[in-house]
Amino acid sequence: MEFSREEIRSQAEAAIRELVDYGAEGIMYAGAATHNIPPLKAGDIVIIGCSTSRVKGQDMGSCSTAEIAEAIMEAVLPVIRQRGLYLACQCCEHLNRAVVVERECMEKYGFEQVCVKPAPHAGGAWSVRATEVFADPVVVEDINSQARAGMDIGGTFIGMHMHRVAVPVHAKNEHIGAAFVTMARVRPKLIGGARAQY
């Protein structure tokens, strides 16, 4: 099934808005209307991994597509910037899931820069697009599990970049194109025993 650029952009915008607003909406989780998810604050990191091949309905890594990456970036980056968040774009496994971030983000968090330039089949179209539109893009080896929100488009495995404790976002918007989308936010650890109150 073919998806138009506008359909992909619209689905991506709905998903990113649901992700960044999650928790504030009071969506039921595990039978409770509250799940201790703090709101995102300026300077927090949102990690997104994206297989444009999967969005197109193809096997992962088989059809890296700049146009799809552009449509998704057009949808998510304005929402991220409007809230003062940092977007982190995960590269594919050929670059060990390294991450493209703004230099400002790298310096704030003390991440380690690596020397590599993402390409369509070594990094993927998503990370290439990040290097084209970020103000001062750098590639870092990892983000030390500092992401406070994450979106996985097409099964790219972003969990290694999420802070603990990750809580799944039970999304209404669970597809972008043909790709299944999973999302997560984080909450502080719940500690204590039977007498603890949260």
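Begin by selecting T156, which is buried, with a relative accessible area of 8% (buried means under 20% relative accessible area, exposed over 50% and partly exposed in between, with a 1.4 Å probe and protein chains only). This is a predicted model, in which local features need pLDDT of at least 70 and side-chain atom pairs count only at pLDDT 80 or more, while totals for chains, interfaces and linings use all residues. Residues are numbered from 1 along each chain as its sequence is written, and side-chain values use heavy atoms, with hydrogens and water left out.

T156 lies in the loop between strand 5 (147-153) and strand 6 (166-169); helices (H or I, at least four residues) and strands (E, at least two) are DSSP runs numbered from the N terminus. Leaving aside residues up to four places away in sequence, T156 touches G49, C50, S51, M60, Q90 and R97, where contact means heavy atoms within 4.5 Å.

Next, select helix 5 (residues 125-133), in which A125, W126, S127, V128 and A130 are buried. Among the elements that these buried residues pack against are strand 1 (45-50), helix 2 (52-55) and helix 3.

Finally, show helix 1 (residues 5-21) together with helix 3 (residues 66-82), which pack at an angle of about 30° with their axes 8 Å apart; axes are lines fitted to C-alpha atoms, for helices over the stretch in contact, and angles run from 0 to 180 degrees between N-to-C directions. In helix 1, the residues that meet helix 3 include R5, I8 and A12.
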